[in-house]
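Reader: Walk me through this model, please. I would like to learn how to read it feature by feature.

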Amino acid sequence: MIKALIIDDEKWPRKIIKNFGKWNELGIEIAAEVEDGEEALLFIERERPGIIITDMNMPNIDGVKLLQELNKRRIQAKIIIISGHDNFEYMQQAIRSHVFEYILKPIDPHELNNVLKRCVQELFVDKNSDKFTIYQRFNKETLNNIAEMIKELRIYI
């Protein structure tokens, strides 16, 4: 199952996304839902979801800052923006961040599921090719341990 994270400061849109998505059918598990980018970053670092669905207009860390931080940390998830705003700044940041899709509210169930299906297909192709990243296989702590072991082994090479 591919882990998905839903980020929106409002409960109603999160509920709609959960109800509209054909999660089991597509092989996706909603691993968590959070209310802002700050909570999202903590979850993403810990759990490494394959799909991130986020709103843009949120308290604390908004969508723009969240996307910038995900880029800086080189997060390899498929990012779907679902927003009630067709704000130029939001769309510009989405393009810079190579988001997978930008969906405007109100959410169309057919559109959401088509986007989710495409995400799954791309993740499957990536997983079965040389492009599959170590990021998706291990958590941050494991990667840090591997990096330390490599440093230690270099002494003997």
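Reader: In which loop is the place of Arg-74?

Author: Arg-74 sits in the loop between α4 and β4. Helices (H or I, at least four residues) and strands (E, at least two) are DSSP runs, numbered from the N terminus. This is a predicted model: local features need pLDDT of at least 70, side-chain atom pairs count only at pLDDT 80 or more, and totals for chains, interfaces and linings use all residues. Residues are numbered from 1 along each chain as its sequence is written, and side-chain values use heavy atoms, with hydrogens and water left out.

Reader: What is the phi of Arg-74, and is the residue buried or exposed?

Author: Its phi is positive, about 55°, although Arg-74 is not a glycine. Arg-74 counts as exposed because its relative accessibility is 67%. Buried means under 20% relative accessible area, exposed over 50%, partly exposed in between (1.4 Å probe, protein chains only).

Reader: Where is Arg-48, and what is its phi?

Author: Arg-48 lies in the loop between α3 (37-47) and β3. Its phi is near 50°, a positive value in a residue other than glycine. Arg-48 has 11% relative accessibility, so it counts as buried.

Reader: Which peptide bond is cis?

Author: The bond from Lys-105 to Pro-106, with omega near 0°. Pro-106 belongs to the loop between β5 and α6 (109-127).

Reader: How do I read the two faces of a strand?

Author: In a regular strand the side chains alternate between the two faces of the sheet. Now take β4. Lys-78, Ile-80 and Ile-82 are on one side, Ile-79, Ile-81 and Ser-83 on the other, and all are buried. Strand β4 (residues 78-83) is largely enclosed by the rest of the structure, because six of its six residues are buried.

Reader: Which strands does β4 pair with?

Author: Two strands pair if DSSP finds at least two bridges between them. Strand β3 (residues 51-54) runs parallel to β4, joined by four bridges. Four bridges also join β4 to strand β5 (residues 101-104), again parallel. Follow Ile-80 across: it is the bridge partner of Ile-53, and its own partner in β5 is Glu-101.

Reader: What handedness do the β-α-β units have?

Author: A crossover is right-handed if, with the strands pointing away from the viewer, the path from the first strand over the helix to the second runs clockwise. β3, helix α4 (residues 63-72) and β4 make a right-handed unit. So do β4, helix α5 (residues 88-96) and β5.

Reader: How are packed helices described?

Author: By the angle between their axes and the distance between the axes. Here α4 and α5 pack at about 10°, with axes 10 Å apart. That makes the two helices roughly parallel. Axes are lines fitted to C-alpha atoms, for helices over the stretch in contact, and angles run from 0 to 180 degrees between N-to-C directions. Angles under 35 degrees count as roughly parallel, over 145 as roughly antiparallel, 65 to 115 as roughly perpendicular and the rest as oblique.

Reader: Which residues meet between α4 and α5?

Author: Val-64, Leu-67, Gln-68 and Asn-71 in α4 meet Glu-89, Tyr-90, Gln-93, Ala-94 and Arg-96 in α5. Contact means heavy atoms within 4.5 Å.

Reader: What pattern does the chain follow along the sequence?

Author: β-α-α-β-α-β-α-β-α-β-α-α. That comes to seven helices and five strands. Of the 157 residues, 41% are buried.
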